[in-house]
Amino acid sequence: AKGSQFLRFLFFGVLLTAGSFGLFSLLVFSGSNPYFAILVSFLVFTTIRFLTYRHLVFEETIQGSKSIIRFIITTVSLVLSNNVLFWLLNDLLTIGVYTSQFFVIGFLSVVSFFIQGDMFSREKARQSFVDLGVAK
């Protein structure tokens with residue numbers, strides 16, 4: 001089915017992003033430090049996203065310890081990026097805890113797709129956009 005990989009990505013991406021934001025919000029609402037909440041929600045849902053994308057979204061995946069090591073490095077980079085962007089929006093621009101993380105998590109979800117798509121199958125990720133007419 002044309003574009004089915006992209007549609008699976010979109011479905012699981014929205015679902016997991018909402019779950020991550022929900023966990024973040026619950027932790028902050030319960031009194032946790034927002035940066036701690038970012039770390040916990042990001043690690044939990046990035047791990048779920050990794051497994052979901054590997055087994056349910058990208059059909060041909062790279063296997064082995066190399067992809068796990070790359071996943072760990074990518075996750076650390078994304079968590080650091082999340083904290084920096086959150087700091088810019090929340091602390092520097094005073095947009096607000098929930099709004100700041102909402103924008104950051106949406107942006108990083110798209111970034112994550114391209115990074116994880118490359119980790120699993122760069123050609124498959126690109127072809128999904130071509131199939132939908134978004135790329136050439």
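What span should the 26 residues of helix α1 (residues 4–29) have at 1.5 Å a residue, and how far apart are its end C-alpha atoms?

Analyst: The 26 residues of α1 should span 38 Å, and its end C-alpha atoms are 37 Å apart, which agrees. The expected span is 1.5 Å times one less than the number of residues. Helices here are DSSP runs of H or I with at least four residues, strands are runs of E with at least two, and both are numbered from the N terminus.

Some ground rules come next. This is a predicted model, where local features need pLDDT of at least 70, side-chain atom pairs count only at pLDDT 80 or more, and totals for chains, interfaces and linings use all residues. Residues are numbered from 1 along each chain as its sequence is written, and side-chain values use heavy atoms, with hydrogens and water left out.

Now the faces of α1. Its buried residues are Gln5, Phe6, Phe9, Phe12, Gly13, Leu16, Thr17, Ser20, Phe24, Ser25, Leu27 and Val28. Buried means under 20% relative accessible area, exposed means over 50%, and partly exposed is in between (1.4 Å probe, protein chains only).

Take phenylalanine 24, which sits in α1. Its relative accessible area is 0%, so phenylalanine 24 is buried. Leaving aside neighbours within four places in sequence, its contacts are Pro34, Ala37, Ile38, Ser41, Phe86, Val97, Tyr98 and Gln101. A contact means heavy atoms within 4.5 Å. The C-alpha atom of phenylalanine 24 is 7.6 Å from that of proline 34, a residue 10 positions away along the chain.

Alanine 18 also belongs to α1. With a relative accessible area of 49%, alanine 18 is partly exposed. Its C-alpha atom is separated by 9.7 Å from that of phenylalanine 45, 27 residues apart along the chain. After α1 comes glycine 31, with a positive phi near 105°.

Next, helix α2 (residues 34–57). Leucine 56 is placed in α2. Leucine 56 touches Arg8 and Phe12, not counting residues up to four places away in sequence. From leucine 56 to phenylalanine 9, the C-alpha distance is 8.6 Å, across 47 residues of sequence. Leucine 56 counts as partly exposed because its relative accessibility is 45%.

Threonine 52 lies in α2 (residues 34–57). Its relative accessibility is 11%, so threonine 52 counts as buried. A polar atom of its side chain lies 2.8 Å from the backbone oxygen of isoleucine 48.

Valine 104 has its place in helix α4 (residues 97–131). At 2% relative accessibility, valine 104 counts as buried. With neighbours within four places in sequence left aside, valine 104 is in contact with Asn82, Leu85, Phe86 and Leu89. The valine 104 and leucine 85 C-alpha atoms are 6.4 Å apart in space, while the two residues are 19 apart in sequence.

Threonine 94 is in the loop between α3 and α4. Threonine 94 has a positive phi of about 50° although it is not a glycine. Most residues other than glycine have a negative phi. Threonine 94 counts as exposed because its relative accessibility is 61%.

A surface feature follows. Val84, Trp87, Leu88, Leu92, Leu93 and Ile95 make a nonpolar surface patch of about 550 Å². Patch residues have over 30% relative accessible area and no salt bridge; nonpolar side chains (Val, Leu, Ile, Met, Phe, Trp, Tyr) are joined within 5 Å, like charges within 9 Å. A salt bridge is a side-chain nitrogen of Lys or Arg within 4 Å of a carboxyl oxygen of Asp or Glu.

Finally, the whole chain. The chain has 4 helices and 0 strands. Its pattern along the sequence is α-α-α-α. Of its 136 residues, 39% are buried. Among contacts with a separation of 6 or more, 70% join residues 24 or more positions apart. The chain exposes about 7600 Å², and carbon and sulfur atoms supply 72% of that area. Accessible areas come from the Shrake-Rupley method with a 1.4 Å probe; for residues, only the protein chains shown count as cover.

Notes
Polar contact = N/O pair within 3.5 Å; in protein donor to acceptor, adjacent residues only side chain to side chain.
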